[in-house]
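Q: I'm new to this one and would like to learn how to read its features. Can we go through them together?

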Amino acid sequence: MVRFEYQALSEQAVSLWHEAFGDNEDYIRFFHDTHSSCFCLMLTEDDELVSALYLIDGELCSRQGYYLFAAATFKNFRGKGYMAKLLEKAESQS
């Protein structure tokens with residue numbers, strides 16, 4: 001299931017971010033605290049987070065859009081097309 005949430009942060013999201021990028025929990029929480037206009041697009045399977053990406057409000061050439069940030073899938077779920085589904089959903093938001 002793909003969910004589009006405002007400022008979503010859960011322990012699963014922290015774990016995913018840490019696994020993918022190696023950042024510590026303090027930095028991850030700092031990001032969430034300082035980017036209040038951030039949206040998190042999450043893909044879950046049986047209520048378990050599998051993949052996520054963040055969309056930050058932005059503008060380019062006077063056009064509103066989103067900056068894609070911290071796109072990741074848990075290692076044990078990679079290669080199954082989950083990120084492609086999230087990117088399709090993200091594209092439909094612009």
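Q: Is E11 buried, partly exposed or exposed, and what is its relative accessible area?
A: Buried means under 20% relative accessible area, exposed over 50%, and partly exposed in between, using a 1.4 Å probe and protein chains only. With 51%, E11 is exposed. Keep in mind that this is a predicted model, where local features need pLDDT of at least 70, side-chain atom pairs count only at pLDDT 80 or more, and totals for chains, interfaces and linings use all residues. Residues are numbered from 1 along each chain as its sequence is written, and side-chain values use heavy atoms, leaving out hydrogens and water.

Q: Which residue forms a salt bridge with E11?
A: Side chains of opposite charge can pair when their charged atoms come close. For a salt bridge, a side-chain nitrogen of Lys or Arg has to be within 4 Å of a carboxyl oxygen of Asp or Glu. Here E11 pairs with R29, and their closest N and O atoms are 2.6 Å apart. That links distant parts of the chain, since E11 sits in helix α1 and R29 in helix α2, 18 residues apart. Helices here are DSSP runs (H or I, at least four residues), as are strands (E, at least two), numbered from the N terminus.

Q: How many salt bridges are there in the whole structure?
A: The search finds 2. R29 also meets E25, at 2.8 Å from N to O. Both of these lie in helix α2, 4 residues apart, or about one turn of the helix. E11, E25 and R29 end up linked in a network. R29 is partly exposed at 25%, and E25 is partly exposed too, at 40%.

Q: What about rings: how many aromatic pairs are there?
A: A pair of aromatic rings is described by the distance of the centres and the angle of the planes. Rings of Phe, Tyr and Trp (its six-membered ring) pair if their centres lie within 6.5 Å; planes under 30 degrees apart are stacked, over 60 edge-to-face, and the rest tilted. The count comes to 10. Take W17 and F21: their centres are 6.3 Å apart and their planes at 75°, so this pair is edge-to-face. W17 is buried at 3%, while F21 is partly exposed at 39%.

Q: Which two residues form a stacked pair?
A: F31 and F69 do, at 5.0 Å centre to centre with 20° between the planes. F31 lies in helix α2 and F69 in strand β4, so the pair ties together parts 38 residues apart in sequence.
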